[in-house]
Amino acid sequence: MTELIDRLRAVAATTQFGPETVREVMANALAEDGDWLDQACQQRDGDPVGKAYPLYRAADGRLSMLAVVFAPGATTPVHNHGAWAVVGTYRGRERDTWYRRLAGDAASSRGQLEEVTSQVSPAGTVTVIPDGTIHAVEALDGQEAVSLHVYGTDIVTQPRSTFDLATGIETPFSPPMSEPDHE
């Protein structure tokens, strides 16, 4: 894990820093043999939905990384990140469903959503999630899913929203996290 964080920090210090360079680093890390993610970051500790572990947060706020454990069959609320993200599936399979806003006024926090696409990501898959994407994630196959999430922001403090599919209402939220690590 230390090597992955070092590689991400090195990329963040370059002028090419962005989701595609992070995707390459993440793909290389997931191609490595062995179970190299700390077992403590692969546990839900009884949480019925899942748990997020902040693994790295850059002091300048341009880069952060989480390990996320989803319970079997758990689905996240439909949400955004407020920045681009790169997600690497470490263990299990996840379905990522993307939405777009059809109508409404962003200032009113209301607008109907339409499903745009859905993809299933088995272990080893790396997905770039562009800034502005609205999506939901589901753990598949009746098994836990573990994934590594890298963001172009400090995701712990980043303003985010959930979206109600039935009403289109956008609501600010901060997902629960385990104790964060700071650099």
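## Met 26, a buried residue

Met 26 is buried, because its relative accessible area is 1% (buried means under 20% relative accessible area, exposed over 50%, and partly exposed in between, with a 1.4 Å probe and protein chains only). Met 26 sits in helix α2, residues 19-30. Helices (H or I, at least four residues) and strands (E, at least two) are DSSP runs, numbered from the N terminus.

Which residues does Met 26 touch, leaving aside its neighbours within four places in sequence? Met 26 is in contact with Val 86, Gly 88, Val 126, Leu 148 and Val 150, where contact means heavy atoms within 4.5 Å. Thr 133 lies 107 residues from Met 26 in sequence, and their C-alpha atoms are 20 Å apart in space.

## A word about the model

This is a predicted model, in which local features need pLDDT of at least 70 and side-chain atom pairs count only at pLDDT 80 or more, while totals for chains, interfaces and linings use all residues. Residues are numbered from 1 along each chain as its sequence is written, and side-chain values use heavy atoms, with hydrogens and water left out.

The 12 residues of α2 should span 16 Å at 1.5 Å a residue, and its end C-alpha atoms are 16 Å apart, which agrees; the expected span is 1.5 Å times one less than the number of residues.

Val 22, Val 25, Met 26, Ala 29 and Leu 30 are buried in α2. Seen down the axis of α2, its buried residues fall within an arc of 130 degrees, so they line one face of the helix. The arc is that of the directions from the helix axis to the C-beta atoms. The packing partners of the buried residues of α2 are α1 (2-12), β3, β6 and β8 (145-151).

## Helix α1

In α1, the buried residues are Leu 4, Ile 5, Leu 8, Val 11 and Ala 12. They are on the same side of α1, because they cover an arc of only 125 degrees around the axis. Thr 2 and Glu 3 are exposed, on the face of α1 turned away from its buried side. The buried residues of α1 pack against α2, β1 (50-57), β2 and β8.

## Strands side by side

Strands of a sheet pair through backbone hydrogen bonds, either parallel or antiparallel. Here, two strands count as paired if DSSP finds at least two bridges between them. Strand β3 (residues 85-91) is joined to β6 by 4 bridges, and the two run antiparallel. Val 87 stands opposite Thr 127 in β6.

In a regular strand the side chains alternate between the two faces of the sheet. In strand β6 (residues 126-129), Val 126 and Val 128 point one way, Thr 127 and Ile 129 point the other way, and all are buried.

## An open sheet

An open sheet of 3 strands has the order β5-β4-β7, with antiparallel pairing. Its edge strands, β5 (113-122) and β7 (134-139), each pair on one side only. Strand β4 (residues 93-101) pairs with β7 over 6 bridges in the antiparallel sense, and Asp 96 stands opposite Val 137 in β7.

## His 79 in a loop

Is His 79 buried or exposed? His 79 counts as buried, because its relative accessibility is 7%. This residue is found in the loop between β2 (64-70) and β3. Leaving aside its neighbours within four places in sequence, His 79 has contacts that include Thr 133, Ile 134, Arg 160 and Phe 173.
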